[in-house]
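Hi,

Here's the structure I said I'd pass along. Have a look at it first, and my notes follow below.

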Amino acid sequence: MEEEDSSGGAEALQLSVDRSSPVPLYFQLSQQLEAAIEQGRLAPGSLLGNEIELAGRLGLSRPTVRQAISSLVDKGLLVRRRGVGTQVVHSQVKRPLELSSLYDDLEAAGQRPATRVLRNTTESATAEVAAALGIAEGAEVVLIERLRLAHGEPMAHLRNHLPLGLLKLDGAELEDTGLYRLMRAAGITLHSARQAVGARAATVEEGKQLGEPAGAPLLTMERTTFDDTGRAVEFGSHIYRASRYAFEFQLLVRP
């Protein structure tokens, strides 16, 4: 086992490689760097130094370090800047598939969430919204449309429909915290949800909102949430930047 400090803005970070392990050295290094970025030990803007410096400090070949860095550049976590070196761009949020809000998940990951409320109004329920909420098509529902940011960068565009009269939502409150926190504070017990995850290309308008080019990959999520009485209390239709966001699954073998 060999252990060295990294360079640049990550001088206090301990990195190690195990030459006796069957895991490729480049992969060992890339996994440790990715973990440091996700855990906030390497903040956005931190410098790793160039490949030659890193290779010398870790006792690795330059191609090995280059391969580790390239894998993180491909993931959008690092960027190479001429005359500067390798710099941390941001971490990718990996969200577990459980009944939690994006705000809570970002906060738990140290991502400093912020919200920009685009709309907080009422409208007539479409057939899709009505079916999800178990109400008549054309009935009035609350529409909340928000842009969720982390470290000042857009992460997701959120559209949520709620039954009319469920709770009163103030724009300032929606900017300060997450929707699920406000629902719980109002005495609503969130019990279960039905959710579908997909993917598609960004439209021109979506790209502008999320800081991505038109046609960039987006993750999509639709969720209907139920309270402890079985009542549908929220229908969400969200899109996420695939470059910054991923869903995590835990798969179990059936007995």
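Let's start at Gly 40: this residue sits just after H1 and has a positive phi of about 85°. Before going on, note that this is a predicted model, where local features need pLDDT of at least 70, side-chain atom pairs count only at pLDDT 80 or more, and totals for chains, interfaces and linings use all residues. Residues are numbered from 1 along each chain as its sequence is written, and side-chain values use heavy atoms, with hydrogens and water left out.

H1 itself covers residues 25-38, and its 14 residues span 20 Å from first C-alpha to last, close to the 20 Å expected at 1.5 Å a residue (the expected span is 1.5 Å times one less than the number of residues). Its buried residues include Leu 29, Leu 33 and Ile 37, along with Gln 28 and Glu 34; buried means under 20% relative accessible area with a 1.4 Å probe, protein chains only. Over the 255 residues of the protein chain, 44% are buried.

Next, the H2/H3 pair. H2 (residues 51-58) packs against H3 (residues 62-74) at about 115°, axes 9 Å apart (axes are lines fitted to C-alpha atoms over the stretch in contact, and angles run from 0 to 180 degrees between N-to-C directions). On the H2 side the contact uses Glu 51, Ile 52, Leu 54 and Ala 55, and on the H3 side Arg 62, Val 65, Arg 66 and Ile 69; contact means heavy atoms within 4.5 Å. By class that gives five nonpolar, no polar and three charged residues, with Ala, Val, Leu and Ile among those counted as nonpolar, and Glu and Arg among the charged.

Cheers

Definitions and conventions. Buried < 20%, exposed > 50% of the residue type's maximum accessible area, 1.4 Å probe, protein only. Helix = DSSP H or I, 4+ residues; strand = E, 2+ residues; numbered from the N terminus.
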